[in-house]
Amino acid sequence: MILAIDAGNTRCKWALFDPKASMVAEGSWLNEALADSVLPTCWQEAKRIVVSNVAGLAASRPLLSLFEQLKAPVHWVHASHAAAGVFNGYQPPEALGSDRWAALIAAWQHYRAPCLVVSAGTALTVDMLGLHEQPSGGEFKGGTISPGFRLMHQVLLQNTDGIRTLPGMWRTAPTNTGDALYTGISHAMAGSVLLQWQQMKTLPELDPAIVIPCVLTGGDAELLRQALVQAQADMPITIDASLVLRGLFYLERECL
């Protein structure tokens, strides 16, 4: 069994995988509750542990305390030049976030074709997974980072005097502050994805007629999917809540 852990900026997620890549158990904690977490019983079945941590010491310290109760070796993932069929075009390669790297790995393992990999969490990352010159290889071609839904909302509240926290929803023509905030931020996120999708279609190695799917992950993936539908985005859209965890599994399996 391989235990995969994705320590993000808001939540720490985990999944236990069997050798056939089936997820047999999963769970999560909010980061503020991680220090008080109790070791899940099923973690004792893990033969190897693989971790992506973008939350820093706030996540690594309590995780290390949990790992002390286990005998399995721990692999803290960092992006590399190439792994699991994907080449990394980031400069330098190791500066790419481990969660983005794992998501790209999982997307390539699933599609084996160009796609747009989008994570909608604290930050919104929109990454282009294209083709490498080596046959049957994928390559990270570039991507963008911007504030996610809640971060954009928080910044507006903190830096304006007349905007308050109000419930809202998407509207064609918002007529109150709550709906205006929700719709405006949704539009900003959808626009970021759509523009990067248009940019990806201009990559010289891609056939202009190719259909480029978009795979969404992260806590606000469904919100973003709805925004893209409202924007009449002409792209196949899939949500994969476990994308990073599956990518970590593939990375660790390659090490066996």
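Leaving aside neighbours within four places in sequence, which residues is Ser136 in contact with? They are Trp108 and Arg112, where contact means heavy atoms within 4.5 Å.

Before going on, a word on the model. It is predicted, so local features need pLDDT of at least 70 and side-chain atom pairs count only at pLDDT 80 or more, while totals for chains, interfaces and linings use all residues. Residues are numbered from 1 along each chain as its sequence is written, and side-chain values use heavy atoms, with hydrogens and water left out.

Back to Ser136: look for it in the loop between strand E9 (123-131) and strand E10 (138-147). Helices (H or I, at least four residues) and strands (E, at least two) are DSSP runs, numbered from the N terminus. From Val24, Ser136 is 112 residues away in sequence and 30 Å away in space, C-alpha to C-alpha.

Now for the record. In an unreviewed entry, UniProt lists Tyr90, Gly97, Ser98, Asp99, Arg100 and Thr177 under "binding site". They span 88 residues of sequence and are spread in space too, up to 39.4 Å between C-alpha atoms. UniProt positions follow the numbering used here, feature names are shortened, and annotations may be inferred rather than shown by experiment.

Buried means under 20% relative accessible area, exposed over 50%, and partly exposed in between (1.4 Å probe, protein chains only).

| Residue | Relative accessible area | Class |
|---|---|---|
| Asp99 | 22% | partly exposed |
| Thr177 | 34% | partly exposed |
| Ser136 | 63% | exposed |

Thr177 sits in helix H4 (residues 177-200), while Asp99 belongs to helix H2 (residues 98-111). Not counting residues up to four places away in sequence, Asp99 touches Asp6, Ser52, Val54 and Val244.

How do H2 and H6 meet? H2 packs against helix H6 (residues 243-255) at an angle of about 80°, with the axes 7 Å apart. Axes are lines fitted to C-alpha atoms over the stretch in contact, and angles run from 0 to 180 degrees between N-to-C directions. The two helices are therefore roughly perpendicular, a label for angles of 65 to 115 degrees. Among the residues making this contact are Asp99 and Trp101 of H2, and Val244 and Tyr250 of H6.

Terms used:
Parallel < 35°, antiparallel > 145°, perpendicular 65-115°, else oblique.
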